[in-house]
Amino acid sequence: MYSSTASAGNSSESVNSNANGSDTLNSRLMPRGTHIGDEELVFRNNSSKSKSTHNHTYMASISTGQKMRNTLSASTTRVNNHGSLSANSSSTSVHKHQHHSNHRSASSAGHHHPAPSGSKPPLAPRMSARASANTVASANTVGPTGHRRNPSVDARGYLRALNDIFFGKFCVDELFYREFRERLVSRIQQSTYRYDPADLQDILEDVSEACKSTRLNLDAVSQWRLNYFTRDQSASVIDHIFLINANVMLYDPKYSSVCLDTYCADPLCNEIHAGRVTEEDKAKAFRRTLNVVLNEALRVRLISKDQKASIRMRLVKSIFAAEDRITAIRELAVLLMLAQDDRHKDLVSYALNNCGKPWSQSDASITDVDEDCNLDPDMVYRKALGAINNAYLESILDVRRLGMSISIDEVAKLRELWARNSTRVPDANVLTLPMLLHLLVHCSEGELQGALPQAGVSIAAMAKAGEAGGLSGRIEQVEDAALQIVQNLGLAWELGDNPPRDLRQFCMVLLLDLGSLLSTFLVPESSSSTPDMAAAAAADSDAREIGVVEDGLFAKWWDVCDSIIKFERASRRFHAAFLVTYIKAASEKLLGQKADFDPELFLTMVVELLTEYRKRRPDYEAIVLTPDGRLAQAVGGESANSSRSSGSGDSMAQKKTGKTLDRRTREDIGSEFDRLFAWVDQQIPSSNRVRSLSRAPSPKSRAPSWQIGNGGNANSNNNSMDKMRSASSASVGYNSSSSGNRVSSPVPPMPQSPLTDKR
């Protein structure tokens, strides 16, 4: 009836029809995860029955006992009238002339007779439970035009309708690669005649409902919540096609799910049906997922067709790991979400056209990388004090997690040295990198030799030390490792007097400072319940047997980003949520040291995020988290309104969650946002070629609907105050003579000897 050759021949026609239909689209996309707005319907005929009608009618039949009577009546009708199902027209929305034939009547009736001896019995229907309910419910249902609908469709009618609404329009090379199309068509043809007509009707209605929309849910893709497509009744056919290709792209025989139905007649089934999936198949599926996402950019005229082909070619030829492919797709999706704001369109167009291109430093004044890195002892000491009792910084700067080969006993001895040389001691049993750097400068060699015995020195370090080895070789080994980590984490930008002008390292140190600042919003939910002794005993037994199991070095950064994104989305501030989502996706490339990471684009997004938070000063809200990392119940609905009020809001938040941000803490957070903004502004000024693409908001421009808050006109006074706050000086906390580094605040006098690799 239909072949892959015919489907491929319709490829160019389908693409051209989509391009012509995009002219009538609204240029503003909507985040379909929050407010569905779809104006392009490729299948506009009235659906004879929706899923909500199915469920409502089915529940009504259960409550009245009509289900049993309809089942008995339908069974009697099938026995007495073998060919009645094929004689009636199909109840789908495809209005084509149905040619009746004796062969179709025989095949339709064959589903209700026992199989002859020696033949293979028909398999059980794939969705028998749902199909039985839908068959009973649809028996006495009247369609929207007033005529009575048929309860099922026969096999040939199902194939004809499926060819018209799905295969002829979507089974093209743009969306499926050739081998997959051939297997899909063959599977549907071989499996259809094994199904009950009621099941075919149910599948056909699902496909018809999905084909009403051709928009991709960019919101779900940017969060990589692909299970949303299988559970949401409003998922479009493009959502299902994206999920099918994504499952092939990410196929792993140890983890991926394979369809258990040998004869599956559902064309939108996203599980794996092939016997094996090769790496070539994964690459072809990755190319189709890129097509689906880039078509959304083509729809709103962010890129041209030639640019789309160029972007796709670069990404397909340069990305091979599954995690990197997911990162690239998520980055494209969130960029398209940000393009809903008109002032970001030029910036997003630049980002799309440079996806997959290696970034090169545009500034000619780059400091020699071989120059000695001298750290300022004052800045090192202040960083050590700032990291004390800061759970975020302690999790990243812990010397035990940085791979410095320092044992637990050595950490305890070094902490004793810190207690003798400082007035503040961290509560946790942790030694941070700035604390170690401070001890290496201000402690005598004898004290360091007592804390760092020779037992921990490696053979390579002993060979390097030579005749002058001994205990000093261990100290030199720790110093070299500490200085190397300082360079890798970009701490030279913050602690050095002459940092290397490498924007990648600057982005690394921003992950520390920005994550530390955002983590101040997170407060745990107070629990009034008494601790369970049995659960505590079980936890102790797990700790004794399993030991300490740690996450990745930047696990706290991912947790902070996820919590901020959830809270901003719950408060319907999607602009900030999209910015954090992009920063999170781009930081994966930064930590993976990918060549296509663009520091200028990353810093531009950071500037936009800092500006967004500076406008809210001092109306910052505490993000209350449950022990399992979810938002507390009070956060999703009432936190936004309660925190904007001065006195009553604080008391209300205190009563509900047990913790809140006081006025002084909010002012300190606002000052820190100003300081970070000024620091980034000095490294990437507004005249930068990338940052200049993000235009300032115009008072005449209309904000996107997803960017309008819940307050409406009630927030007009707050918005005017926000504009005044955003115009604060960009030199807060910095000095022009400091080359972009932070200006030191008054501290107790400390020795001024610089830290070098020679003692």
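Residues are numbered from 1 along each chain as its sequence is written. Because the model is predicted, local features need pLDDT of at least 70 and side-chain atom pairs count only at pLDDT 80 or more, while totals for chains, interfaces and linings use all residues, and side-chain values use heavy atoms, with hydrogens and water left out.

Let's start with helix α16 (residues 322-338) and helix α29 (residues 574-591), which pack at an angle of about 155 degrees with their axes 9 Å apart. Helices here are DSSP runs of H or I, at least four residues, numbered from the N terminus. Axes are lines fitted to C-alpha atoms over the stretch in contact, and angles run from 0 to 180 degrees between N-to-C directions. So α16 is roughly antiparallel to α29, a label for angles over 145 degrees.

Now, how does α26 sit against α29? Helix α26 (residues 503-518) packs with α29 at an angle of about 125 degrees, axes 11 Å apart. The two are therefore oblique to each other, the class left after under 35 (roughly parallel), over 145 (roughly antiparallel) and 65 to 115 degrees (roughly perpendicular). Arg504, Cys507, Met508 and Leu511 in α26 meet Ser587, Leu590 and Leu591 in α29.

Last stop: Ser395, in helix α19 (residues 391-397). Ser395 is buried, with a relative accessible area of 11%; buried means under 20%, using a 1.4 Å probe and protein chains only. Beyond neighbours within four places in sequence, Ser395 contacts Arg401, Leu553 and Lys556. Thanks, everyone!

Technical notes
Buried means under 20% relative accessible area, exposed over 50%, partly exposed in between (1.4 Å probe, protein chains only). Contact means heavy atoms within 4.5 Å.
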